[in-house]
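I opened this entry to keep track of what I looked up. My notes go from confidence to sheets to one helix.

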Amino acid sequence: MKKTWFLYFSLIVCCGIATARWSTEEDAASRYELRRSFIKVKKDGTFTKEEEIKVTLLKESAVGSFGNYYLTYNGQAQKIEILSAKSVAKGKEFPVDLKLIEDKPLASSPRGFDQIRQVLIVFPRLQVGSVLYIHYRRHFKVVPFKDFFSYFYNFSGRFLTHREITVESERPLFYKINNPGQLLKVSYRAHKRKRKYIFKVTLRRPIFKTVVDEGYPFINPNLFPWIEVSTTTKWPRMVKSLGSQYEKIIEAPLPKMHKTILKSVQKIPTGPEDQIEFVISSLIGRIRYFRDWKAINGGYVPRSLSVIAETGFGDCKDLSVSLAAILRKIGFTAHVGFIQRGGWRHSLSDFTLPNGGAFNHAIVLAEKAGKVFWLDPTNKVSYARGLFPDIVDRQVLVLKKPRAILLRTPKINSKGAEYKITRNFKITNTKEIRVTGAIDFKGRGAISFTGASLYKSKESLDYDFIQFTGVDTASLKEWKVEGYDLSSRIVKDFSVKISYSMRQNSHPFNFLTQLGPIFAFPRWGRVNAFDIRVRDRVSDLYLGQPYRAVMISKLKNIEPVGNSEFNCNFQSPWADFKRSVVSLQPFTVEDIYDFKLPWISSRELKSSKFRRLQKNIRNCFKNFLMVYKKSG
């Protein structure tokens with residue numbers, strides 16, 4: 001087969017370089033000379049935490065951040081005492097004037113909300129080299145889980161030279177440690193007659209471990225030392241007082257608002273997915289989601305259905321009990337579960353022991369006709385046919401009857417989400433490139449734009465779709481997007497039609513060679529994440545949710561110089577890539593990107609398999625430019 005002329009054009013597309021390393025002492029803005037924590041736990045789970053901190057300020061940024069030192073607390077459940085505070089500069093002490101310690105509410109408290117307060121301490125005479133000292137005591141008078149205590153600490157981020165943590169409890173303690181490099185010294189003493197159980201951990205030598213100067217970082221929490229402490233090893237015991245409270249709320253008579261939704265959904269004869277989507281979209285339209293809402297009585301108990309309906313707003317717990325209550329009336333089994341909502345690192349952050357900090361969100365586990373649904377009614381849209389990426393593959397504590405059960409949400413793969421961009425390129429005589437085509441969104445790929453018409457103008461959405469194609473909008477003379485209706489809150493596959501006009505002298509079309517002009521095929525943006533320096537890398541590579549992307553480029557009035565073998569096809573454990581010529585008239589190239597995993601470990605990044613993947617990507621996609629001529 002004849003060769004096609006193509007160029008590895010380093011002037012335009014060069015290999016990106018990103019250095020990576022563990023932090024050194026020179027990177028630190030401050031150094032903790034002393035951090036001592038003493039926690040005294042009562043049998044009912046309430047406790048007092050005493051903190052003693054001594055910090056040397058090494059950079060101007062630390063002077064700014066520590067100069068106005070603040071502590072926040074829940075005024076309904078906690079109390080803070082400042083025992084001592086001072087700064088030391090050039091050997092001279094400057095005690096903090098009591099007038100410079102301010103304790104006041106952060107904001108007025110709306111109906112049913114906790115009163116969050118802030119203690120602000122203004123340290124005098126701070127400069128680089130100053131030493132800051134503070135000693136305070138925090139009383140936790142009300143705890144969310146009765147007769148239960150837990151504690152977690154990760155030794156990352158801060159420059160610690162001396163760290164000491166002691167937990168003294170009236171209940172037996174259980175602990176788990178992650179101790180890479182044997183940095184932690186741990187002891188546990190049980191005085192059963194005195195009902196005193198003491199856990200103590202001390203840092204053996206200084207630690208300052210964080211990643212700097214690294215692109216697309218994904219930090220595995222197990223790279224750092226951490227400790228877990230709990231008064232039980234059984235997750236149901238942690239929430240034993242909550243199950244009955246949730247059942248009482250869910251089984252209560254439905255208020256008028258909930259009854260209206262129930263009456264309408266009972267008329268839907270189709271499957272459970274349609275019923276769920278109707279209920280969730282109806283709740284979203286009636287109950288405004290209020291983030292970080294906490295009830296006065298401890299944070300994990302929702303308000304009653306009647307209060308939720310009356311106020312028209314609620315947090316994740318409120319929306320979850322509302323959803324569960326209606327679903328039960330139409331034949332579902334439905335229970336509320338606690339989960340850690342957020343990025344993919346939570347898939348690696350499982351707690352071995354029960355811990356109150358293991359969860360920050362409430363969702364619903366529903367079942368009907370042999371189907372299982374993990375539902376989050378706090379999003380702006382409803383997606384019953386799959387999972388939202390921010391709750392996949394992680395622990396969830398479900399308040400099932402008669403006792404809670406610790407489960408795990410399913411993983412997701414690239415088959416559940418697809419983006420497809422089809423473009424017809426036509427180079428005109430006026431030195432313009434006219435592009436027409438379409439964008440298809442399927443499965444999870446449709447989530448980000450679903451319901452967007454409820455929040456944005458059409459002009460703004462049109463711009464978002466054009467940007468989604470990856471084209472440089474600064475090079476465009478005009479664009480048009482049509483054929484879509486995004487007013488529904490229910491996630492469904494959809495397509496949009498696009499057209500735009502691009503100046504031909506925009507990058508990289510303004511280059512000529514002795515063989516003729518060149519054409520660069522569009523490349524999917526996530527491919528750039530693979531263009532990293534791996535030799536010194538210390539963190540994992542973050543890729544994001546798995547999905548499949550297809551890019552089809554049709555060249556209507558141009559063709560490659562020579563007869564070409566454009567095709568390439570290579571697989572890896574992390575992503576598969578394929579380029580193929582699917583038509584000669586018009587000349588059409590199809591690129592398929594299948595991103596299978598959310599991250600790649602630092603160990604895998606140093607493998608020959610990954611280096612081979614990088615080389616293939618550069619050869620096939622990144623550095624490839626086609627020399628072309630006008631077609632007949």
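Over which residues does pLDDT stay under 50? I found that stretch at residues 1-18. For these residues the model has 48 contacts beyond four places in sequence. I note here that the model is predicted.

Next I looked up confidence for the chain. The average pLDDT is 88, and 91% of the residues score at least 70. Strand 1 (residues 6-8) has the lowest confidence in the chain, with a mean of 35. The highest is in strand 12 (residues 163-169), at 98.

I wrote down its order as 7-6-10-4-3-12-15-14. It is an open sheet of 8 strands, and the pairing is mixed. Strand 7 (92-95) and strand 14 (184-191) are the edge strands, each pairing on one side only. From one strand to the next, the twist averages 10°.

Strand 6 (residues 78-89) and strand 10 (residues 131-140) run antiparallel and are joined by 10 bridges. I looked up what stands opposite lysine 86, and found tyrosine 133 in strand 10.

Strand 10 came up again when I checked helix 1 (residues 60-67). This helix lies across strand 3 (30-41), strand 4 (47-57) and strand 10. I noted that helix 1 runs at about 150° to strand 4.

I also looked up an open sheet of 3 strands, in the order 17-32-38, with antiparallel pairing. Strand 17 (217-218) and strand 38 (599-600) each have a single partner strand, so one side of each is left without a neighbour in the sheet. Strand 17 pairs with strand 32 (residues 540-542) over 2 bridges. In this pair, phenylalanine 218 stands opposite aspartate 540.

My last entry is on helix 5 (residues 272-286). This helix has 15 residues. I read 21 Å from its first C-alpha to its last, close to the 21 Å expected at 1.5 Å a residue.

Why is helix 5 described as largely enclosed by the rest of the structure? The reason is that 11 of its 15 residues are buried. I listed some of them, including Pro272, Glu273, Ile276, Val279, Ile280, Leu283 and Ile284. Gln275, Glu277, Ser281 and Ser282 are buried too. I then looked up what the buried residues of helix 5 pack against. The partners are helix 4 (256-265), helix 7 (316-329), strand 22 (361-368) and strand 23 (371-375).

Notes
Residues are numbered from 1 along each chain as its sequence is written. This is a predicted model: local features need pLDDT of at least 70, side-chain atom pairs count only at pLDDT 80 or more; totals for chains, interfaces and linings use all residues. Side-chain values use heavy atoms; hydrogens and water are left out. Helices (H or I, at least four residues) and strands (E, at least two) are DSSP runs, numbered from the N terminus. The expected span of a helix is 1.5 Å times one less than its number of residues. Buried means under 20% relative accessible area, exposed over 50%, partly exposed in between (1.4 Å probe, protein chains only). Contact means heavy atoms within 4.5 Å. Two strands pair if DSSP finds at least two bridges between them. Axes are lines fitted to C-alpha atoms, for helices over the stretch in contact, and angles run from 0 to 180 degrees between N-to-C directions. pLDDT is the predictor's confidence in each residue, from 0 to 100.
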